[in-house]
Amino acid sequence: MPRVTRGPDWLRRASRPSVTSAAAMNFSEVFKLSSLLCKFSPDGKYLRCSRRPPAPRTFQGFHQEPVSGPVGRHQCVLAVLLSQASCVQYRLVVRDASTLQILQLYTCLDQIQHLEWSADSLFILCALYKRGLVQLRITVWSLCTKSVSYIKYPKACQQGITFTRDGRYLALAERRDCRDYVSIFVCSDWQLLRHFDTDTQDLAGIEWAPNGCVLAVWDSCLEYKVLLYSLDGRLLSAFCAYEWSLGIKSVAWSPSSQFLAIGSYDGKVRILNHVTWKMITEFGHPATVNNPKIVVYKEAEKSPPLGHLAFPPPRAVAGPLTSSESKYEIASMPVSLQTLKPAADRANPRIGVGALAFSPDNYFLATRNDSVPNAVWIWDIRKLRPLAVLEQLCAVRAFQWGPQQPRLAICTGGSKVYLWSPAGCVSVQVPGEGDFQVLSLCWHPSGDSLALLSKDHFCLCFLETEEGMRTAFGQRGDCT
């Protein structure tokens, strides 16, 4: 992604000390956004986002607005299913991912609540849930032949539909006669390949392994059960860690399909191997870290220089920290992490492993235990041991690995973004006027930049190469 051609008004340099500014993290200007809908196209050429226009108008269907300037080599086409009605318009903006120049503007007749790129980056699907009708079936629309296929009995669950990475097969969770089933379809002609029942009380999710050879099926949180099926519907293995307690909360495959990580409500992650489908290890998340082999990075506010002391904010102010800068400090053992006592009289208690993700090289696993909301654990999969813990000043809202390198980006709802790599970690203040609260983030497919999303705006953060990051982080274990 070329960056040297952009003018000085377009980029903003992070306001950080010279010791860490070697990373040369550049930020774009801020653009409007709504509903945290902002995604890069799979080929990395385009960036799409939805926003509300300045003035209301009425349309039938959707409208493409003229845009001055060159349009990309591939025409971006909007595929939307709409009812014939008039209401306040909403816009879909397609930008060039390298220059952020607007390539296309599309106007829909209601709020866009979901966006999805096609695999070839030529189509965009917009979902307008407020205008949908209740129908107990799945409709498959062919953009080539304009034919329509229908699939009955889909189950409304946490993750009831999944495609293989190569797009050849679709697995669908179904509910018939008070029993759970899975149907596997061939995507080329939508013919049914296999149909089988699952030994689940209330199926909660399904997900293909990245190689498309194994389908993981798991039960609801009321029962701990994971079932593994082959492409032809054979049951390969069933795994149950315990009974009579809240069970599975999160599931993730490693990119190589060699490991399946299962996060549960007991605060542990269990790793299954792809040879025997047995558990090879389990990772706990203790509130006190006393293992000297674990590096604990604690975020701390930087002390303002003398003569620039500011009055502290009133105690009534709640939420993320203000735009003061922060740094990481390596804590001495033992370290007591901040814990959250869940409300026993409420549904969906904030306990258990609610988020986990493998790095693209399969070497690391990042997890978050919801009862310790400020901490992100990083595990070394090669040695099957904990490697580092990052304790933030605020609760972690989201984290995501870079697509090309083991580089983890974290946000906490404040005006900073945090990066971890095997070389160390860094806290970066998002520059600009006002308090830009980063609520979510997503990486560019190249891994050279990431989009930072706030409630009403977004900006891009451009990173240097791995060599530049190593220079900024310093030696292994350094932090700032």
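I started with Trp-277, which is buried at a relative accessible area of 8%. Here buried means under 20% relative accessible area, exposed over 50%, and partly exposed in between, with a 1.4 Å probe and protein chains only. Phi of Trp-277 is near 60 degrees, a positive value in a residue other than glycine. I found Trp-277 in the loop between strand S24 (268-273) and strand S25 (279-284). Strands are DSSP runs of E, at least two residues long, numbered from the N terminus.

Notes on the source. This is a predicted model, where local features need pLDDT of at least 70, side-chain atom pairs count only at pLDDT 80 or more, and totals for chains, interfaces and linings use all residues. Residues are numbered from 1 along each chain as its sequence is written, and side-chain values use heavy atoms, with hydrogens and water left out.

Next I looked up Ser-257. Its phi is positive too, about 70 degrees, although Ser-257 is not a glycine. Ser-257 sits in the loop between strand S22 (248-253) and strand S23 (259-264). Buried or exposed? Ser-257 counts as buried, at 5% relative accessibility.

Then a peptide bond: the one from Met-333 to Pro-334 is cis, with omega near -5 degrees. Pro-334 belongs to the loop between strand S28 (326-330) and strand S29 (335-336).

S28 took me to a sheet. Six strands make up this open sheet, in the order S28-S27-S33-S32-S31-S30, and the pairing is mixed. S28 and strand S30 (353-358) are at the edges with a single partner strand each, so one side of each has no neighbour in the sheet. From one strand to the next, the twist averages 20 degrees. Two strands pair if DSSP finds at least two bridges between them. Strands of a sheet pair through backbone hydrogen bonds, either parallel or antiparallel.

Inside that order I checked one pair. Strand S31 (residues 364-369) and strand S32 (residues 375-380) run antiparallel and are joined by four bridges. Which residue stands opposite Thr-367 in S32? I found Trp-377 there.

Gln-392 counts as buried, at 1% relative accessibility. Gln-392 and Tyr-328 are 64 residues apart in sequence, yet 8.9 Å apart in space, C-alpha to C-alpha.

I also followed a hairpin, formed by S20 and S21 with four residues between them. Strand S20 (residues 226-230) pairs with strand S21 (residues 235-239) in the antiparallel sense, over four bridges. Leu-227 has Ala-238 in S21 as its bridge partner. Gly-233 in the turn has a positive phi of about 90 degrees.

On to the cysteines. How many disulfides are there in the whole structure? The search finds zero, a disulfide being a pair of cysteine sulfur atoms within 2.5 Å. For Cys-461, the closest cysteine sulfur is in Cys-459, 7.4 Å away and so too far for a bond. Cys-461 is buried at 0% relative accessible area, whereas Cys-144 is exposed at 75%.

Last, the surface. Trp-141, Val-148 and Tyr-150 form a nonpolar patch with about 310 Å² of accessible area together. Tyr-150 is in strand S13 (residues 148-152) and is partly exposed, at 46% relative accessible area. Patch residues have over 30% relative accessible area and no salt bridge; nonpolar side chains (Val, Leu, Ile, Met, Phe, Trp, Tyr) are joined within 5 Å, like charges within 9 Å. A salt bridge is a side-chain nitrogen of Lys or Arg within 4 Å of a carboxyl oxygen of Asp or Glu.

Key. Accessible areas come from the Shrake-Rupley method with a 1.4 Å probe; for residues, only the protein chains shown count as cover. Axes are lines fitted to C-alpha atoms, for helices over the stretch in contact, and angles run from 0 to 180 degrees between N-to-C directions.
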